[in-house]
Amino acid sequence: MTTLVGGRREHRRWARESLTDAFVAFLEASWAHSDIVRYTPAEQPLDIEAAQACYAEMRSQLTRLRLLASGDVLRAGEDLLRCQRAAHEARPGSARQEALLTAARSRRVVVAAAKREMGLI
């Protein structure tokens, strides 16, 4: 019986740590993507490879979140992913800044969903 209870406890700990890792990696990739898009001067082309690498990392972590998190978290993550894509595709200037603000708001929704999922709020 002790082994069964210990096994469940270990499984829950693994799931919580995996979920935390996925949230952190997803959000870090989002912030990095925004930084690349934000700090590219209008007269210079975007660092497409770096931006795509961040976007790919977000997609990868979103797959992990699909396995570990609730539908609310998944929807918030998918929305943020779409916002990051819109920021990437927006023209430099006010359109890009507005897209980045939308992504920042969406990121806060993901953070709140993550905290709820983990029982922190």
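F26 touches M58, Q61, L62, L65, G77, L80 and V110, leaving aside residues up to four places away in sequence; a contact means heavy atoms within 4.5 Å. The model is predicted, so local features need pLDDT of at least 70 and side-chain atom pairs count only at pLDDT 80 or more, while totals for chains, interfaces and linings use all residues. Residues are numbered from 1 along each chain as its sequence is written, and side-chain values use heavy atoms, with hydrogens and water left out.

F26 also belongs to the group with the most contacts inside the largest nonpolar core, together with F23, L65 and L80; this core has 22 residues. A nonpolar core is a set of buried Ala, Val, Leu, Ile, Met, Phe, Trp, Tyr and Cys residues joined through side-chain atoms within 4.5 Å. Buried denotes under 20% relative accessible area, exposed over 50%, and partly exposed the range in between (1.4 Å probe, protein chains only). At least two residues of the core come from each of helix 1, helix 2 (48–68), helix 3 (71–89) and helix 4 (94–117). A second, separate core of nine residues includes V37, A51, C54 and A99. In soluble globular proteins, nonpolar side chains tend to be buried together.

H33 lies in helix 1 (residues 2–38). H33 is buried, its relative accessible area being 1%. Its contacts, not counting residues up to four places away in sequence, are A51, C54, Y55, Q84 and H88; of these, A51 and C54 are also named in the second core.

Two arginines lie over tyrosine rings, as tabulated here. The criterion is that NZ of Lys or CZ of Arg is within 6 Å of the ring centre and within 35 degrees of the ring normal.

| Charged residue | Ring | Distance from ring centre |
|---|---|---|
| R38 | Y39 | 5.8 Å |
| R85 | Y55 | 4.2 Å |

For the chain as a whole, there are four helices and zero strands, in the order α-α-α-α along the sequence. Helices (H or I, at least four residues) and strands (E, at least two) are DSSP runs, numbered from the N terminus. The C-alpha atoms fill a box of roughly 65 × 25 × 15 Å along the principal axes. Of the 121 residues, 37% are buried. Among contacts between residues at least 6 apart in sequence, 67% join residues at least 24 apart. The chain exposes about 7400 Å², of which carbon and sulfur atoms supply 55%; accessible areas come from the Shrake-Rupley method with a 1.4 Å probe.
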